Amino acid sequence: MKFARTFTALRMAVAASVVLGIIAGSAHAQEKKPVRVGFSIAQTGPLSGAGKSGLLALQIWRDDVNGRGGLLGRPVELIVYDDQSNAATVPGIYSKLLDVDKVDLLIGPYSSNLTAPVMPMVKQRNLLLIGNFALDANARLRHDKYFSSLPSASADQWAAPFFDLAKQLQGKAVALLAADAEFAQTLAGGARNEAKKRGMQLVYDQTYPPATVDFSSMLRALRVKQPDAIFVAGYPSDSAAIVRAVKEIGVGDSVKLFGGGMVGLQNAPVMQSLGSTLNGVVNYHTWVPEKSLEFPGVSSFLARYQARAKDANVDALGYYLPPFNYAIGQMLEQAVTATKSLDHKLLAKYLHDNAINTIVGTVRFNEMGEWSQSRMIYIQFRALADKNLDQFRGPGKQVVVAPAAHKTGDIVPFAAARK
Amino acid sequence: MRNWSRFLIGATLSVLLALGLTRFVGNEYFFFATYVVLQFIVLATAWNILGGYGGYVNFGASAFFAVGAYCAVALTQSYALALPLQILAAALVTGLLGFAVGALTLRLRGIYFSIATVAVAVICETVIMNWSFVGGARGTTVLQPAAPAFFSSYTRLLFFVMALLALLAVAFARFVETSWIGRGLRAIRDNEEAAESVGVPTLKLKLFAATASGALMGAAGAPFALYMNFIEPTSAFSLNYSVSALAMPLIGGSANWLGPVIGAILLAGTQQIVTVTISSELNVLIVGLLLVVFVVAAPHGILGLWHKLVARGGQRP
Amino acid sequence: MSLELLVEAVVSGILLGGFYAAVSLGLSVAFGLLDVPHIAHPTLLVVGAYATYALAQLGIDPIAAGFMLMPAFFVIGVGLYRFYHALFERRGGDIALRGLAFFFGIAFIIEVVLILVFGVDQRLVEAAYIGSSVQLAGLQMPSRMLIAFALAGLLTLLLSTYLSRTFTGRAIKAVAQDQTALALMGADPVRIKQSAFGIATATCAIAGALLIIVGPVEPGMGRLYIGGTFCVAVLAGLGSMKGTLLAGLILGITESLVLTSLGTSWAPAVSFGLLLVVLAIRPSGLFGR
């Protein structure tokens, strides 16, 4: 009986969404059936800050591509659901996208943990999936139709440039500080490997609970070990708290390099509030307004993004996720346009065989669907003033110090860069 | 007795219906969505045995759910146990956890007990976070095996298994409610000292209810990793499970076994629908509004409202 | 662990404990004295933090903003209590459980409003005492944590003096013990409870300001503080203000010591394990009635 009731409720929901779909679609009644691109991206919960800015980028792509006449002459329609930053909602959402909405193209949910439940699904159904900033999501299943939008293939590759910098500064002793949560732990694993590869010694290696408020105790315990380099893997709240604690109680004179994998130091409100506290910090990034990263189209995209960011109540600068989410759209667009098809097998073959031009540069994929050339950059914050968001819009404040291919300045030891 | 035979007929029909659905419903999404609703029926029904009948508000349902899920994962990783055995083992472990929580009622009552269950949940989560064998904070992939012969997909099998679990949980709750155990628990809820003084074996009953409730909540969590093909602590220990486990019986009506079922279908069903329709911050708003409106408008749940309406209707000429 | 580290950890823990006490004091009143299952308390802290943020954007100092917001929060608290009283306390029945669900609902609704107004990004404030430190008998301590501790001490002192010295204050304490007796004395229990709940909510303005002074806030942050604030209030023994301060200090020092050690990831288990142990030995908390 209860099943029947649930079923009725579901049928009503499906009917209602069909009706809604018809109403929404009637504007384009004369046009052809749209190409449906489906994905989930967090609009609530801890991942929603990045999620909202990423969604705006994909909406801009949709508007652009529809302005150019759509894909295969058909308009593009985004089918987007909020996964609430919760992996448990993902299986249901992707089944809905595939089995009810019958989307033509599929993008992964934002972040690694939410992508994990989708991978077996697309492998089993043999579908093309562009992962959305999921780290090493294809390692286990080795699906031949998975492609990543994250410019780093693995945690090791992600951490590597930092340890090259440490080496360059004659660092031998490394301290590692990581939040007890998925991404931070994965990255910390990469950092451990890279430190070991270079013969460096881990003098401090601790994991902290994500809700930690005060980091002064940890920093004191760490300072005693006199590390040359400190690698932090954290999330926005704790990253900001750690950077502040470093200014307040210091990390000692031994430290030549401080930073690593702190999520959140790319976000406009966090950067603006921390201001000069950030000086000298060396952190990973995906894109900053430096000469070496001026790929065709990126500045015009960011101008349009920033114009719409205020109304959408999202990150005002949009340097981190948005250009790469726009690039996801471009990957799909180039493959569909070139193959004149929505056949996932053809699209995957095209993406494997060809260079894809995006606003974040030309991308080639390896057999795992990861970028064959890592493009994760490390930037050093320099000469920042307080309470000024506009300073981040120009070059010279977030200097690319690694890798060599995109370098716009030499690394300055932590203490010197803070003066 | 006649009531029981009617219940048994209903139960048998439900099993056949669930089995039939796995054969004749073509749309896979139906099974993904109903699985979640069924899972909440088990969770809410299990919670209600201690919380609704006995009046001890367990605020750590997520811990039982997640420990059940992780127990299944650990056993799959090391012994490749079959699904029914995983569920059984999970129920055993969470039953023990329930027993321990039940022992807390020896000294703690009311909100003190609830806060103690929160503490238990935090400790369990920290242990899992630090246990690298099951993936720690990073989580671990647990791939579904090939679907067995009768079912065309593994998710359909999970749906059927969860339907059976839901039936089992409901039948058990109904048994507890209608037997002397239920009477004893209600006496404890209304006035524990008085119950004790008239010879109700309060401690035994509380331990029994806590153990059974815990075991069923763990069973609800056991197939979770297989449903997701993956498991990680943040979603397994989600506050959502703790809130839902108490909100659903409350919305449906916690005095009767049917209450949690109605509440789970309503709340979990709404959440499922909202997730794939409105799908924005408004889904948090809808859950919030549902909670406020129902506890205000229907103090004894939907069932209470229903009885009131029927009673009023009966008085009319 | 060297002696110097140990001393520093304890001092840091005391400051952190002050912060924990500050965010829990309101709950000690609302929940400890009035028996209102106020699970939306941490969400109101976040509202206080965002309100402070909004005022700070106008150039007002965050601490001053916290004090300025107190009257408004008092009114909000009175309103919320009247609503709760009309819907639950007057009607009777299983208040504790339904009240819990009700306040959860309220918390979710507030969270959505915060998302719609402020967006989902982390927000921070700037002030001279954020990101600077003070030398304290040879120990370097973050100024923002010192402020948290000082305000916690001030709030505790004010609240406990108010509760033991003034007529309304004593009536509030009486209402927690015997409503009928109080009514017989001619005081209206509802009015008294309403002002007590108003005071409890007013502390959320200051504590909310501390929240954003200490670190970034986001709309869903209240959920993280449910366990912590209730842990402090219960550990204290319901309704004791000095107990709340002490319970906060115990938790702060414990956490700080674990974070100084080499097993930092176990901090939550240690804090909540401590709570369980205390409850097992003294079921009504450290300073319970």
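How many helices and strands does the secondary structure of chain B come to? Select chain B to find out: 15 helices and two strands are there. Keep in mind throughout that this is a predicted model.

**Chain B as a whole**

Stay on chain B and show its C-alpha trace. Along the principal axes, the trace spans about 55 × 50 × 45 Å. The radius of gyration of chain B is 19 Å, close to the 20 Å that the globule rule gives for 317 residues, so chain B is as compact as a globular protein of that length. Colour chain B by burial next: 61% of its 317 residues count as buried. Among contacts in chain B with a separation of 6 or more, 78% are accounted for by residues 24 or more positions apart.

**Where chain C touches chain A**

Now select chains A and C together. Their contact takes 40 residues from chain A and 33 residues from chain C. On the chain C side, look for α1 (3-33), β2 (139-142), α10 (241-260) and α11 (267-281), each of which supplies at least two residues. The element giving the most to this side is α1(C), with six residues. Coloured by class, the side of chain C that touches chain A shows 16 nonpolar, 13 polar and four charged residues.

**α1 and α9 of chain C**

To see the contact, show side chains including Y20(C), L27(C) and F31(C) on α1(C), and Y225(C), F230(C) and V232(C) on α9(C). The contact residues of this pair divide into 10 nonpolar, five polar and no charged.

**α3 and α4 of chain C**

Clear that selection and pick helix α3 (residues 62-89) and helix α4 (residues 95-118), still in chain C. Here the axes come within 11 Å and cross at roughly 135 degrees. That angle makes α3(C) oblique to α4(C). The crossing of α3(C) and α4(C) is right-handed.

Which residues make this contact? From α3(C), select Y84(C), F88(C) and E89(C); from α4(C), select I95(C), R98(C), G99(C) and F102(C). By class, the residues of the contact of α3(C) with α4(C) comprise four nonpolar, one polar and two charged.

Note on methods
Residues are numbered from 1 along each chain as its sequence is written. Chains are lettered from A and ligands numbered from 1 in the order in which they are written. This is a predicted model: local features need pLDDT of at least 70, side-chain atom pairs count only at pLDDT 80 or more; totals for chains, interfaces and linings use all residues. Two residues are in contact if their C-beta atoms, placed from the backbone, lie within 7 Å. Helices (H or I, at least four residues) and strands (E, at least two) are DSSP runs, numbered from the N terminus. Ala, Val, Leu, Ile, Met, Phe, Trp, Tyr, Cys and Pro count as nonpolar, Asp, Glu, Lys and Arg as charged, and the others, Gly among them, as polar. Axes are lines fitted to C-alpha atoms, for helices over the stretch in contact, and angles run from 0 to 180 degrees between N-to-C directions. Angles under 35 degrees count as roughly parallel, over 145 as roughly antiparallel, 65 to 115 as roughly perpendicular and the rest as oblique. A crossing is left-handed if the near helix is turned anticlockwise from the far one by less than a right angle, and right-handed if clockwise. The radius of gyration is taken over C-alpha atoms; the globule rule is 2.2 Å times the number of residues to the power 0.38. A residue is buried if 20 or more other C-beta atoms lie within 10 Å of its own, exposed if 12 or fewer, and partly exposed in between; C-beta atoms are placed from the backbone.
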